[in-house]
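Visitor: I have a structure to go through. Could you take my questions one by one?

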Amino acid sequence: MKKLLQKIASKKFALLILVGPLLVATSAFYQQTPWKAPASADAKKSPLKADDATITAGKAIYAQHCQSCHGKKGKGDGKSAATLNTEPGDFTKSATQGQSDGALFWKIEEGRKDMPSFKKKLQEEEAWQVVTYIRTLK
């Protein structure tokens, strides 16, 4: 019986040694994969004008829902950023500013990992207002 238990334990250990690195590599790959919007979302254009009223509305929504992680100036340094498992996006970087309005809108609506989905929290117009405000954070 003792030999049988040792044999089972050694097989489990061998399996762990073989599968463990694969799980770690998969996790690391997933965390490093770029967050890319689908082409259909990427092609969407904002229905709003980037006027003072839209920017002001977007700023207020951003302050309420986004600032705690992304920071007051959009640098990803909000007071809650340190508690997250993933780094919040820095909206001042060209990597973010170079994305289409549709891609940013899609990310706001869908969310990923620590970033919650705002599809049910914001009206469509409000999400577009946030996109418009993010553009001011260059």
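Guide: One term first: contact means heavy atoms within 4.5 Å. Bear in mind too that this is a predicted model.

Visitor: Which residues does Lys119 touch, not counting residues up to four places away in sequence?

Guide: Lys119 sits in the loop between α6 and α7. Its C-alpha atom is separated by 7.5 Å from that of Ile108, 11 residues apart along the chain. Leaving out residues up to four places away, Lys119 touches Ile108, Glu109 and Glu110.

Visitor: Is Lys119 buried, partly exposed or exposed?

Guide: Buried means under 20% relative accessible area, and exposed means over 50%. Lys119 has a relative accessible area of 41%, so it falls in between and is partly exposed.

Visitor: How many helices and strands are there in the protein?

Guide: From the N terminus on, the elements run α-α-α-α-α-α-α. The count is seven helices and zero strands.

Visitor: What share of the residues of the protein count as buried?

Guide: The cut-off for buried is under 20% relative accessible area. The protein has 138 residues, and the share that count as buried is 29%.

Visitor: Among contacts with a separation of 6 or more, what share comes from residues 24 or more positions apart?

Guide: Contacts here are heavy atoms within 4.5 Å. Of those with a separation of 6 or more, residues 24 or more positions apart account for 58%.

Visitor: Why is α6 described as largely enclosed by the rest of the structure? And which elements do its buried residues pack against?

Guide: Seven of the 10 residues of α6 are buried, so the helix is largely enclosed by the rest of the structure. Those buried residues are Gly102, Ala103, Leu104, Phe105, Lys107, Ile108 and Glu109. They pack against α2 (39–42), α5 and α7.

Visitor: Which residue follows α6 with a positive phi?

Guide: The phi in question is near 70 degrees. The residue that follows α6 is Gly111.

Visitor: What separates the C-alpha atoms of Arg112 and Thr86?

Guide: Arg112 has its place in the loop between α6 and α7. Its relative accessible area is 22%, so Arg112 is partly exposed. Arg112 and Thr86 are 26 residues apart along the chain, and their C-alpha atoms are separated by 9.8 Å.

Visitor: How many aromatic pairs does a search of the whole structure find? And how is the pair of Tyr62 and Phe91 arranged?

Guide: The search finds four aromatic pairs. Tyr62 and Phe91 form one at 6.3 Å centre to centre, with 65 degrees between the planes. Planes over 60 degrees apart count as edge-to-face. The arrangement of Tyr62 and Phe91 is edge-to-face.

Visitor: How many residues apart in sequence are the parts that Tyr62 and Phe91 tie together?

Guide: At 1% relative accessibility Tyr62 counts as buried, and at 10% so does Phe91. Tyr62 lies in helix α3 (residues 52–65) and Phe91 in the loop between α4 and α5, so the pair ties together parts whose separation in sequence is 29 residues.

Visitor: Which residues form one aromatic cluster?

Guide: Tyr62 and Phe91 form an edge-to-face pair. The cluster takes in both, along with one further residue: Tyr62, Phe91 and Tyr133.

Visitor: How is the aromatic pair of Phe105 and Trp128 arranged?

Guide: Both Phe105 and Trp128 are buried. Their rings lie 4.1 Å centre to centre, with 10 degrees between the planes, and the pair is stacked. Phe105 lies in helix α6 and Trp128 in helix α7, so the pair ties together parts 23 residues apart in sequence. The arrangement is stacked.

Visitor: Which residue lies over the face of Phe118?

Guide: A charge sits over a ring if NZ of Lys or CZ of Arg is within 6 Å of the ring centre and within 35 degrees of the ring normal. Here the distance from the ring centre is 5.2 Å, and the residue is Lys121.

Visitor: Which residues does Arg135 contact beyond its neighbours within four places in sequence?

Guide: Arg135 has its place in the segment after α7. Its relative accessible area is 19%, so Arg135 counts as buried. Its contacts are Thr96, Gln97, Gln99, Ser100, Asp101 and Leu104.

Visitor: Which element gives the most to the lining of the largest pocket?

Guide: The largest pocket holds about 780 Å³ of space. Its lining has 31 residues, with Trp35, His70, Glu87, Pro88 and Gly89 nearest the centre. Elements giving two or more residues are α1 (2–32), α4 (67–70), α5 (94–97), α6 (101–110) and α7 (124–134). With three residues, the element that gives the most is α6.

Technical notes:
Residues are numbered from 1 along each chain as its sequence is written. This is a predicted model: local features need pLDDT of at least 70, side-chain atom pairs count only at pLDDT 80 or more; totals for chains, interfaces and linings use all residues. Side-chain values use heavy atoms; hydrogens and water are left out. On a 1 Å grid over the protein atoms alone, a cavity is a set of points where a 1.4 Å probe fits but cannot get out, and a pocket is an open set with protein on both sides within 12 Å along at least five of seven lines; lining residues have an atom within 4 Å of a point. Grid points are joined across faces, edges and corners, and a volume is the space filled by probe spheres set on the points. Helices (H or I, at least four residues) and strands (E, at least two) are DSSP runs, numbered from the N terminus. Buried means under 20% relative accessible area, exposed over 50%, partly exposed in between (1.4 Å probe, protein chains only). Rings of Phe, Tyr and Trp (its six-membered ring) pair if their centres lie within 6.5 Å; planes under 30 degrees apart count as stacked, over 60 as edge-to-face and the rest as tilted.
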